Amino acid sequence: MKELSLDIRVWMDLQRLPDHAEDLIVGGMIEAGAICNLRCPFCPTGNGELTLSKEFLKPADFKAMLDALGPNLRRVMLYNWGESLLNPGIYDMLAEADSRGISTEISSNFSLPPAYFSREHAERLVRSGLRVLYASFGGISQETYQLYRVGGDFERVISNIKLLLDAKRRLSSVHPEIVWAFHVHKENQKDVPGALKLAKELGIPIRFKTLIFPDAVREEWAVPKEAPVKAPVKAPVKAPVKAPVAATEPAVRGMLCLQTWSTPVIHSDGTVLPCCVVNNPEYSLGNIHREDIREIWNKPLIVGMRRYLRSGLKPEMKLPCYGCPHDPQAGPIA
């Protein structure tokens with residue numbers, strides 16, 4: 001019997017989920033602060049288009065959010081539209097989650113000067129209980145790296161990774177796992193073989209994802225379909241490597257949309273958003289500091305999104321799903 005493809009399995013999982021999510025919250029994406037030191041052109045923080053509040057999350061507010069999300073919480077991603085390690089309270093927040101048995105993740109551009117990341121910061125990060133750090137950068141030279149990571153320093157990224165690896169060795173810790181998140185586009189696809197080699201030398205896993213960009217610049221940024229990237233070198237430990245493709249796969253879109261049931265996105269000011277792609281308050285569901293999360297998480301907008309993602313039925317209201325690159329209804333299930 002032919003094995004079902006991943007996108008079909010995800011679609012089947014969606015069919016079994018209810019439109020109203022009473023006690024399904026097991027994770028949370030919580031913004032540590034929509035502030036960044038880089039100017040990535042397709043990020044609303046980097047290009048200045050973000051209309052959500054720009055402030056750091058305070059440890060006391062983070063504790064209140066954990067309390068409000070309930071006893072089933074098992075995983076927290078302390079990032080979204082900003083650079084988490086710029087927040088001076090990040091280590092205390094990670095430690096608080098760890099003390100509750102909650103697994104934590106951070107995504108960082110890791111192009112941080114010594115004032116924000118040093119030997120001492122590396123040790124604090126290891127001691128905080130952080131489970132996974134995604135170092136997000138693409139390229140193996142300053143030339144290709146800076147095409148998207150505007151204002152970043154490639155050598156500083158590698159130096160900071162080594163600082164953290166060294167701290168893990170000194171403290172005899174397996175955490176945090178450092179994962180290189182390489183977002184592929186037209187100009188850095190040639191660096192994929194070299195990136196695999198560098199990841200192996202560093203001893204960290206690498207994951208390739210297609211960079212998401214507006215359709216208006218597709219010709220400039222898209223990896224040509226007729227020349228898919230081949231990965232000739234075996235993956236380093238722990239992470240299977242998938243050759244980058246020219247467009248986002250329906251399976252990946254579907255898996256991301258499962259968060260609409262289980263993982264509220266909470267901005268630093270407490271605003272609850274229906275998904276990680278929303279970057280303005282137009283689709284706010286409420287504020288976790290003023291309303292019960294069970295009520296927020298079952299408002300008409302989010303219920304309509306779930307029904308649409310599961311069945312394709314469009315409600316009368318406008319949904320952030322329409323035109324989103326992660327919309328599983330945008331392409332055929334095959």
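# Questions on a predicted model

Me: Is S172 buried or exposed?
Reply: S172 has a relative accessible area of 68%. Buried means under 20% relative accessible area, exposed means over 50%, and partly exposed lies in between, computed with a 1.4 Å probe on protein chains only. Because its 68% is over the 50% limit, S172 counts as exposed.

Me: What average pLDDT does the chain have?
Reply: This is a predicted model, in which local features need pLDDT of at least 70 and side-chain atom pairs count only at pLDDT 80 or more, while totals for chains, interfaces and linings use all residues. Residues are numbered from 1 along each chain as its sequence is written, and side-chain values use heavy atoms, with hydrogens and water left out. The pLDDT is the predictor's confidence in each residue, from 0 to 100. With 86% of the residues scoring at least 70, the chain average is 87.

Me: Which residues have the most contacts inside the largest nonpolar core?
Reply: A nonpolar core is a set of buried Ala, Val, Leu, Ile, Met, Phe, Trp, Tyr and Cys residues joined through side-chain atoms within 4.5 Å. The largest one here has 95 residues, and those with the most contacts inside it are L78, L85, F110 and L133.

Me: What is the phi of F110, a residue that is not a glycine?
Reply: F110 is found in the loop between strand β3 (103-108) and helix α4, where helices (H or I, at least four residues) and strands (E, at least two) are DSSP runs, numbered from the N terminus. F110 is buried, with a relative accessible area of 0%, and L133 is one of the residues that touch F110. Although F110 is not a glycine, its phi is positive, at about 60°.

Me: Why do the buried residues of α4 lie on the same side of that helix, and what arc do they cover?
Reply: Helix α4 (residues 119-127) has the buried residues H121, A122, L125 and V126. An α-helix has 3.6 residues a turn, so residues three or four places apart point the same way. The exposed residues E120 and R127 are carried on the face turned away from the buried side of α4.

Me: How many disulfides does the structure hold?
Reply: A disulfide is a pair of cysteine sulfur atoms within 2.5 Å. The sulfur of C36 is 6.0 Å from the closest cysteine sulfur, in C40, and therefore too far for a bond. Likewise, the sulfur of C275 is too far from its closest partner, in C276, because the distance is 5.7 Å. The number of disulfides in the structure is zero.

Me: With which residue does the side chain of T271 make a polar contact?
Reply: T271 lies in strand β8 (residues 271-273), and with 11% relative accessibility this residue counts as buried. A polar contact is a pair of N or O atoms within 3.5 Å; within protein, one must be able to donate a hydrogen and the other to accept it, and residues adjacent in sequence count only if both atoms are side-chain atoms. At 2.9 Å, the side chain of T271 makes such a contact with the side chain of D269.

Definitions and conventions:
Contact means heavy atoms within 4.5 Å.
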